[in-house]
Amino acid sequence: MARSILHMLTPLKHMSPFDVNMAADAGFEVLAAYTGVALAEVGPLVQDSIFSRSPQDGVRTGVFIAGKNAEEALDMMDRARKAFVPPFANHIFADPAGSFTTGAAMVALVHKALRERFSAGLAQQRIVIFGGAGVVAYVAAVIGALEGARPVLVGHDGQERVGKIAATMKWRFDIDVEAVDGSSPEARRAAIGQADVILSAGPAGVAILSAEDLDHAPRLKVASDVNAVPPAGIAGIDVNAACEPLPGGRGVGIGALAVGDVKYRTQAGLFRRMLAASEPLCLDFRDAFRLAVEIAS
């Protein structure tokens, strides 16, 4: 049998050691990293990978897309798909900065908490997301909107930048995502005033919401923070929290390590799914979310 090969593409200077370790531990026998990859180079690289093996070995060959930008990764996925020449095709899996699997894990755990603690689903929940210009926030917002929620991106530097991101989401996915200012304590408190769910996906070690701020979210059911570096992004959420009561007794919190556990198992699971598949797969955050829901449950 042909050996399993994973070609790992990133537009950055380095391929993430995290992703390399994950792929190796999942069972890929040969890993090849390509760094500084421009969008125009994706097609030729993919065609080199398909034409050097027989069509039946396409399921033993994968293309992993890394980086730090969700939309760039989606564009690279599209170029990779368009480079296939049936019956020649490989697997494709995108997870830039681990954000597709992290965002999927976060929303999956929120989904579980809403169902088990509040007998509710994601539909119509107002999900306010801090760190709104980042990749995890992007994924969480899109997944939430596709599941019928009402996501809100909060911009730490104002509404303009997150507004442009929300507009591209509308163009790509035909979804509605609100964008609001979060550049001052008053603006952040206004942003959470009608929140059912609060997600913190801001920079590590940056406190975004205090316990007093949470008092301004009277409808809050669930809050989650992916920041494992003190101080917490949302006060009162321990990194190990799994549906623990929030300060003030309103709603429950989900911590970074709880999210990270589901994220790790989701990324590993998608790598293993590629290795076990009988047909080439194309995996993005939607596939990650479906698997994360299974894992979280």
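The lining of the largest pocket comprises 14 nonpolar, eleven polar and three charged residues (Ala, Val, Leu, Ile, Met, Phe, Trp, Tyr, Cys and Pro count as nonpolar, Asp, Glu, Lys and Arg as charged, and the others, Gly among them, as polar). The model is predicted, with pLDDT of at least 70 needed for local features and 80 or more for side-chain atom pairs, while totals for chains, interfaces and linings use all residues. Residues are numbered from 1 along each chain as its sequence is written, and side-chain values use heavy atoms, without hydrogens and water.

A pocket is an open set of points on a 1 Å grid over the protein atoms alone, where a 1.4 Å probe fits, with protein on both sides within 12 Å along at least five of seven lines; lining residues have an atom within 4 Å of a point. The largest pocket holds about 560 Å³ of space, and Ala97, Gly98, Ser99, Thr102 and Lys263 are the closest to its centre among 28 lining residues. Helix 9 supplies the largest share of this lining, four residues (helices are DSSP runs of H or I, at least four residues, numbered from the N terminus).

Helix 9 (residues 256-276) also packs with helix 10 (residues 285-296) at an angle of about 120°, their axes lying 9 Å apart (axes are lines fitted to C-alpha atoms over the stretch in contact, and angles run from 0 to 180 degrees between N-to-C directions). The contact (heavy atoms within 4.5 Å) involves Val262, Arg265, Thr266, Gly269, Leu270 and Arg273 of helix 9 and Asp287, Ala288, Leu291, Ala292 and Ile295 of helix 10.

Terms used: Helices (H or I, at least four residues) and strands (E, at least two) are DSSP runs, numbered from the N terminus. Grid points are joined across faces, edges and corners, and a volume is the space filled by probe spheres set on the points.
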